[in-house]
Amino acid sequence: MKICIALTKGRLEEQFLNYFRTLSYNIDPLVNKGRKLSVETENFQFIFAKGVDVATYVEHGIADIGIIGEDILLEYQPDVYNLLPLPFGKCRFSLAEQEKKGVKRKQKRTIATKYPNVTTDFFRKKGESVDIVKLEGSVELAPLLGLADAIVDIVETGTTLRENGLIVTEDIHWISARCIANRSSLKIKRELITPLIEAIFPKEEIR
Ligand SMILES: Nc1ncnc2c1ncn2[C@@H]1O[C@H](COP(=O)(O)OP(=O)(O)OP(=O)(O)O)[C@@H](O)[C@H]1O
Ligand SMILES: O=P(O)(O)OC[C@H]1O[C@H](OP(=O)(O)OP(=O)(O)O)[C@H](O)[C@@H]1O
């Protein structure tokens, strides 16, 4: 029996594999995997999917473990066991807009975002009523082209905001990559999963 680990394709996959390699796991079969979406190593089966689908595979028990951005957990709230934060994928959810000094704010603003649930929750807590426009990417374009008054998006270095004339007006939530686990796998495959989790998270950090 192997543990199935679902990795978020792209940034997090690369960062996780670099981290995993430092834990002395052999990941050679993954190095030249080409377009394969499922690859087996000596101890694990790795599958590669988009973040929200990683959550779905773990929730349904197809994958035992998932590596996913906390942004996806906050937005979709999947029914999974949320383990500790990982030391990569660090960024934040921020509210950003064009710097317009002296311009009176509209009574009801339109906010563009990939994360409508996080955005709704944020503005509800602030007591501000807004309209939300859902986009799938390049969210920073929306204020420039007049689709929205502001955006809620991920900010890491701030380069994308800066190069598109936007500034952060409020930070909403700090984010890092997270390791998630299927609730039943943690019980059924405990003997296999425990050493993996102990390797990923230094012992003193396990709660
Ligand atoms: N600029 C960033 N810096 C650090 N982490 C980021 C950044 N953008 C996204 N992330 C984190 O990495 C995860 C994966 O992001 P990535 O852009 O690789 O995939 P995605 O958001 O699904 O985009 P795409 O639709 O292009 O595949 C996100 O869920 C988030 O946690
Ligand atoms: O602060 P920075 O370091 O510039 O990073 C932030 C950017 O990175 C992410 O976009 P991504 O590259 O995933 O592209 P996307 O807009 O298509 O989601 C995010 O949505 C921001 O646009």
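**Exercise 1. The annotated segment**

Over residues 52–200, what percentages of the chain are helix and strand, and how far apart are the end C-alpha atoms?

*Solution.* The model is predicted: local features require pLDDT of at least 70, side-chain atom pairs count only at pLDDT 80 or more, and totals for chains, interfaces and linings use all residues. Residues are numbered from 1 along each chain as its sequence is written, while chains are lettered from A and ligands numbered from 1 in the order in which they are written.

Step 1. UniProt lists residues 52–200, in an unreviewed entry, as "domain: ATP phosphoribosyltransferase catalytic"; UniProt positions follow the numbering used here, feature names are shortened, and annotations may be inferred rather than shown by experiment.

Step 2. Over this segment the chain is 35% helix and 32% strand, with 22 Å between the end C-alpha atoms. Helices (H or I, at least four residues) and strands (E, at least two) are DSSP runs, numbered from the N terminus.

Step 3. The chain as a whole has nine helices and eleven strands, and its C-alpha trace spans about 60 × 35 × 30 Å along the principal axes.

**Exercise 2. The largest nonpolar core**

Identify the members and elements that build the core.

*Solution.* Step 1. A nonpolar core is a set of buried Ala, Val, Leu, Ile, Met, Phe, Trp, Tyr and Cys residues joined through C-beta atoms within 7 Å. A residue is buried if 20 or more other C-beta atoms, placed from the backbone, lie within 10 Å of its own, exposed if 12 or fewer, and partly exposed in between.

Step 1. The largest core has 28 residues, and those touching the most other members include Ile5, Leu7 and Ile67. Strand 3 (44–49) is one of the elements that supply at least two residues, and strand 3 gives the most, with five.

Step 2. Leaving out residues up to four places away in sequence, leucine 7 touches Leu12, Glu13, Phe16, Phe46, Phe48 and Ile67. Another core, of 16 residues, lies apart, with Ala96 and Leu166 among them.

**Exercise 3. The ligand shells**

Which domains give residues to the shell around ligand 1?

*Solution.* Step 1. A residue is near a molecule if its C-beta atom, placed from the backbone, lies within 6 Å of it. Ligand 1 is surrounded by 15 residues, the closest being Gly10, Arg11, Gly69, Cys91 and Glu156.

Step 1. Domain 1 and domain 2 both contribute to this shell, so ligand 1 lies between them. Helix 1 (11–22) and helix 4 (70–76) each supply at least two of its residues.

Step 2. The shell around ligand 2 includes Gly137, Asp153 and Glu156. Strand 9 gives this shell its largest share, three residues.

Terms used:
Domains from an automatic or database assignment. Contact = placed C-beta atoms within 7 Å.
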